[in-house]
Structures are given as structure tokens and as C-alpha cells.
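Q: Please take a close look at the salt bridges in this model, and then at the pockets. Plain description is enough.

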Amino acid sequence: KVKAKATAEPKYKVKAKPKESKPPASFKVCVCGGCGGIGQPLAMLMAMDRNVGELCIYDLNISPMPPAGVAQDLVHLERKCTVKGYIGEVGQPPVKFMEEALTGCNLVLIPAGLPRKPGQTRDDLFKVNADIAKGIVEACAKYCPEAVLAMIVNPVNSIVPAMAELYKKKGLDPMKIIGVTTLDVVRANKFVGEETGKNPNFISVPVIGGHAGTTILPLFSQDKAGKLLPAEKVPDMDKHVQDAGTDVVNAKNGKGSATLSMAYAGARFGSAILSGLSGRKRTECAYCASTVTDIPYFAQKVVLGPKGIEKVLPLGELNEHETKRLAEVKEQLKGEVETGLKYAEANS
Ligand code: NAI
């Protein structure tokens, strides 16, 4: 008896050829304040982003580390991007080097400015940091007016309105000025993960309002894991997110504020912006001009697209605790936005 030959069915399925994935983009990114506590690790993480083709490190001659040193260090990473350092002199208009560093930039990350010391609020930093931010933002207006400017420098709640209004007065798009509040989201995700035993990588708690004290409002009810928090725990968790920055300031004992976690959060946000610019839209929380409440600057979810912020999303449904807190947020934020608007009025 002749055995029937087995049909020639392959044992394994031939996988369909994966769709051609888009090649990475090659954006120019500058980190202003790139030699500071946040600036250095942030620059490193940005050098590792596949969408970065050219990275510029800009800082002043008073920085303990020369920008050329940071650049020379990062240039050895096995990544495609070029890295160059640019130095500015205190008290001098940093024209030549800033022009070179900023011209053609798609994204400028701005952690330049003083950090908090124990006992200081973010508000205490306003005047000195607003002046630093103004110098950089005016240079961006001149050399890279189309770039997205991610403002890390504190107090974000007042500096962003000040700089966005200055942009408006120059006839530029105020939505290019974006306050980075990603660290609040990162912290909320982490704390919910610790409390619920879920992986924080898959947790996404929107944090709205602003980036200081009571203005930081995590919407736990809008996340699958966050929703599992017992109602009596929510006020403590909310406070834990609000106070997390101060916990770092106190633990560092006068030697600075959050730098490594901020660099992580800043890079997450910077990469999301570059992804959007390259045509792959992303949604993140950010602080910018807004009409979702009656406060003209507000942190909420935004869609990042080819031009930066493409859409500001509504707040979504809030539970009773969140609704009560929203009123507090607005009360506090109103004055802080006002401080920024007054600065723009007096300094344009
Ligand atoms: P740092 O003092 O370590 O670094 C600041 C850097 O900015 C220094 O290298 C300094 O030379 C540079 N700088 C100052 N003026 C400059 C100018 N005109 N042009 C270019 N560079 C200039 O401070 P750190 O810890 O890196 O913090 C930076 C800012 O980020 C602070 O204002 C801090 O409050 C803020 N921050 C914001 C957070 C957020 O979630 N948005 C979280 C943590 C800090």
C-alpha cells in the first residue's frame, strides 16, 4: 500500500510582510540651559531619540560645565545625531552663538533658569526666571519662529502666559509656547501603580490645571487603574502628586529640585512633539493658551501634530472630588496667569 503523500502545507504561516514603517525624521533640537541639572540628562535622552538629527547644547559661561564639554561627551553615543555646544556670555546679547544654535530648530527645550531651594515656592523664582526666558524666547522669535518652545523653567504657570503673550505681540503663534507639565503625569502614574499594583507603564492619568501646588489636579477617575483607588484615598493621592516636587527639593537639602525625573519627563514630552511633527500624532497633557475653562492658560490633554499643538481636548467627565478641586485650581491659577500677563504688558 502506497502511503498518501502529505500535502505540502507549511508548518508555519508565512507572515505578511510588515508595512513599511516610516523612516525616522531628522529634526534639529536645542536645549537651552543644556549644562544644568535637568539640561544634561535631558540632552542625553534627546540625543537618543531616533527623530533627532542635530542636537545643540546652549548655556552660559557661568555654568559649571562648558556646553562644548557636554556636546563632546554626547557625541560618542552610538546614535546618528550630531551634537554641538554653544556658549553665551552673561550680560551680553548672545547673538552669534544663539543664531547658530537656533536657526532651523524644530524644537527648543528650555530648562534655563534657577531651581527652587527649600522654603521657596515656584513663584519666588518668577522675576529672575522670566527675564532669562524672555532673552531666549526673543532669540527664538528671531531665529526659529516656527519652532515649538517647550518651557520647563519655573514658575511655568506664570512664565508660559508671559512668553506666549510676547509671541502674540510679535505676530507669532502663541500656541508654539508650551509649558511642560509631564512630570506631574509621570508622578501620578507612578503613585497609582504603587497603590494598585498595576504597571505604571500602562497607566495614563491626565493631570490638568497648572504646575504648582493646588493648581496640579490629577484626574484619577479618567484612568482604568486610577479608578480603582478607594474614594477615601483619593485626597491623599491628589496631595501626594501636588507635593512631589517639594519632596524632592527637601530631600536634596538645598542642592536643587527634580532633575533626573524632570529630564525623563521632558524627554517624553520632547519625543512626543517630534513624533507629532513627523506626522505620527500623540496626545499628552501640556500647559498652554486654552479655552476649555474661563482661565486663559490651562493644562489639559492636547493632540500634538505636524505643527505642534493641533487640538486642545476638553476636560472630560469629572467626579465630585475633581469638580470641587477644579474650583480651587481656577482660584489659584487666575492670579498666577495674571502675573504672567502683567509681565508681558510691562516688558514688550
Ligand atoms: P540648574 O541651575 O541646575 O540649571 C539651569 C541651567 O540654566 C544652568 O546651567 C545655567 O547656567 C543655565 N542658564 C541660566 N541662565 C541662562 C540663560 N540666560 N541662557 C542659557 N542658559 C542659562 O537648574 P535645574 O535644576 O536644571 O532647573 C532648571 C529650571 O527647571 C528651574 O527653573 C526649575 O525650577 C525648573 N523645573 C521645572 C520642572 C517642571 O516640571 N516644569 C521640574 C523641575 C525643575
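**Salt bridges and pockets**

A: In this predicted model, Glu310 and Lys281 form a salt bridge in which the closest N and O atoms are 3.0 Å apart. Glu310 belongs to strand β11 (residues 308-312), while Lys281 sits in the loop between α8 (260-277) and β9 (282-289), so the contact ties together parts that are 29 residues apart in sequence. Glu310 has a relative accessible area of 38% and is therefore partly exposed; Lys281, at 52%, is exposed.

The structure holds 12 salt bridges. Another of them pairs Glu54 with Lys28, with 3.8 Å between the closest N and O atoms. This pair links distant parts of the chain, since Glu54 is in strand β2 (residues 52-60) and Lys28 in strand β1 (residues 27-32), 26 residues apart. Lys28 is buried, with a relative accessible area of 9%, because the limit for buried is under 20%. Glu54 counts as partly exposed at 27% relative accessibility.

A salt bridge is also formed by Glu345 and Lys169, whose closest N and O atoms are 3.7 Å apart. Here the link runs between helix α9 (residues 320-346), which holds Glu345, and helix α5 (residues 156-169), which holds Lys169; the two residues are 176 residues apart. Glu345 is exposed at 58% relative accessibility, and Lys169 is partly exposed, with a relative accessible area of 45%.

Turning to the pockets, the largest pocket contains about 1,200 Å³ of space. It is lined by 50 residues, of which Pro111, Ala112, Gly113, Leu114 and Ile132 are the closest to its centre. Two or more lining residues come from each of α1 (39-47), β2, α4 (126-143), α6 (182-196) and α7 (234-251). The most is given by α4, with 6 residues. By class, the lining of the largest pocket has 26 nonpolar, 17 polar and 7 charged residues.

The second largest pocket has a volume of about 400 Å³. Of its 17 lining residues, Val185, Asn189, Ile203, Ser204 and Arg268 are the closest to the centre. The elements α6, α8 and β9 each give two or more residues to the lining of the second largest pocket. That lining divides into 8 nonpolar, 4 polar and 5 charged residues.

Conventions:
Residues are numbered from 1 along each chain as its sequence is written. This is a predicted model: local features need pLDDT of at least 70, side-chain atom pairs count only at pLDDT 80 or more; totals for chains, interfaces and linings use all residues. Side-chain values use heavy atoms; hydrogens and water are left out. A salt bridge is a side-chain nitrogen of Lys or Arg within 4 Å of a carboxyl oxygen of Asp or Glu. Helices (H or I, at least four residues) and strands (E, at least two) are DSSP runs, numbered from the N terminus. Buried means under 20% relative accessible area, exposed over 50%, partly exposed in between (1.4 Å probe, protein chains only). On a 1 Å grid over the protein atoms alone, a cavity is a set of points where a 1.4 Å probe fits but cannot get out, and a pocket is an open set with protein on both sides within 12 Å along at least five of seven lines; lining residues have an atom within 4 Å of a point. Grid points are joined across faces, edges and corners, and a volume is the space filled by probe spheres set on the points. Ala, Val, Leu, Ile, Met, Phe, Trp, Tyr, Cys and Pro count as nonpolar, Asp, Glu, Lys and Arg as charged, and the others, Gly among them, as polar.
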